[in-house]
Amino acid sequence: MKKILITGISGFIGHYLHKYRPNDVLLTGTYFLNKPEINGVDLVKLDLTKIDEFINKSAKFDIIIHCAAEANLGECEKHPDEAIVLNTQATEKLAQWSAIQKSKFIFLSTDIVFEGVKGDYSENETPDPINVYGKTKLEAEERIINIHDNAVIVRLALCLGKGLGNTISFIDWFENKLENNNEIPLYFDEIRTPVSTIFAASAIWDFVSNDFIGIVHLTGKEKINRYDLGLKILDHLKSDKKFLLKKKSSQNAVYPRPKDVSMNSNVLDKVLNTTREDLSTFIKNIL
Ligand SMILES: NC(=O)c1ccc[n+]([C@@H]2O[C@H](COP(=O)([O-])OP(=O)(O)OC[C@H]3O[C@@H](n4cnc5c(N)ncnc54)[C@H](OP(=O)(O)O)[C@@H]3O)[C@@H](O)[C@H]2O)c1
């Protein structure tokens, strides 16, 4: 059985990786502030700012899936030095350790590494992030590529799914607003390529077992702005659209927000040979 470490198993994506894990793995998962209530995994507390301590006392792994990060864009912007420590420096140290023990390293990066001007980005285009979060993730990618020859950098698009455990997702936020008859402000001028979190988790597991090395974009099939995404969700719920508020993205932005970070997944389609669900189908499945 393969010994696998998932950092940040207590997070949104970590919970999905746990839920959709294959049977033949021995799983260790890390949490920081929120110990998850999940079975079939050895849980370890990890503080990314003290990654050296963790590395020094940890067993070796065949594969490391590195999810843990400061993934809140506002927090990264407010505390850039901390964001570099968590997202870039800790990632580099983990990747270095992984390279020494010859384990495969799978890093979850983001569409926010792109500037967001042209959209439809492919893996061979040069990213140019405009906010702290994007910069720390891109710097981590570059450091991994320099030190690890068996690494997969998965640039994830916006993942859609209900939060598992005590995690709260965009879909939960949306449904909560709706249930309480609150306005749902959504940007009409920010474009993403949302992907189902179930599909994303299963694709990440595929990269655990296949031979692919390098950067891959993991997206849904269609690009869409957040406001139109809201309309689609309401269509499926057969709900009134009067609470949906069309918002321009520069209003009250606490960090620079890229406009169009849509990515294409041509590499993913070739490597995995799977058919990605269209947006309407997976929205129906997750609601
Ligand atoms: N969700 C998306 O749509 C999306 C899209 C693109 C890329 N990504 C990337 O995917 C990865 C996972 O995202 P997510 O949505 O699951 O994020 P999340 O829900 O915010 O989870 C973040 C995880 O990191 C852990 N963590 C935070 N600070 C830590 C610290 N100082 N030391 C150790 N662990 C710490 C958290 O632990 P506790 O909760 O226990 O404190 C949690 O397990 C991230 O690298 C993110 O950049 C996500």
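**Close-up views of a predicted model**

**View 1. The whole protein chain.** The protein chain holds 10 helices and 13 strands; helices (H or I, at least four residues) and strands (E, at least two) are DSSP runs, numbered from the N terminus. Its radius of gyration, taken over C-alpha atoms, is 18 Å, close to the 19 Å that the globule rule gives for 287 residues, so the chain is as compact as a globular protein of that length. The globule rule is 2.2 Å times the number of residues to the power 0.38. Along the principal axes, the C-alpha atoms fill a box of roughly 55 × 40 × 35 Å. This is a predicted model, in which local features need pLDDT of at least 70 and side-chain atom pairs count only at pLDDT 80 or more, while totals for chains, interfaces and linings use all residues. Residues are numbered from 1 along each chain as its sequence is written.

**View 2. The largest nonpolar core.** This core has 74 residues, and Ile 65, Ile 106 and Phe 107 are among those with the most contacts inside it. Domain 1 (2-159 + 195-218) and domain 2 (161-192 + 222-262 + 271-286) both give residues to the core, so it lies between them. Domain bounds come from an automatic or database domain assignment. A nonpolar core is a set of buried Ala, Val, Leu, Ile, Met, Phe, Trp, Tyr and Cys residues joined through C-beta atoms within 7 Å. A residue is buried if 20 or more other C-beta atoms lie within 10 Å of its own, exposed if 12 or fewer, and partly exposed in between; C-beta atoms are placed from the backbone.

**View 3. Helix H1.** Of the 8 residues of H1, 7 are buried, including Phe 12, Tyr 16 and Leu 17. The buried residues of H1 pack against strand E1 (2-7), strand E2 (25-31) and helix H7 (197-209), among others.

**View 4. The shell around the ligand.** Of the 26 residues around the ligand, Gly 8, Gly 11, Phe 32, Leu 33 and Ala 69 come nearest; a residue is near if its C-beta atom, placed from the backbone, lies within 6 Å. H1 gives the most to this shell, with 3 residues. By class, the shell has 16 nonpolar, 8 polar and 2 charged residues. Ala, Val, Leu, Ile, Met, Phe, Trp, Tyr, Cys and Pro count as nonpolar, Asp, Glu, Lys and Arg as charged, and the others, Gly among them, as polar.

**View 5. Phe 170.** Phe 170 is found in helix H6 (residues 170-179). Phe 170 counts as buried because it has 20 C-beta neighbours inside 10 Å. Its C-alpha atom is separated by 7.1 Å from that of Leu 160, 10 residues apart along the chain.

Conventions
Two residues are in contact if their C-beta atoms, placed from the backbone, lie within 7 Å.
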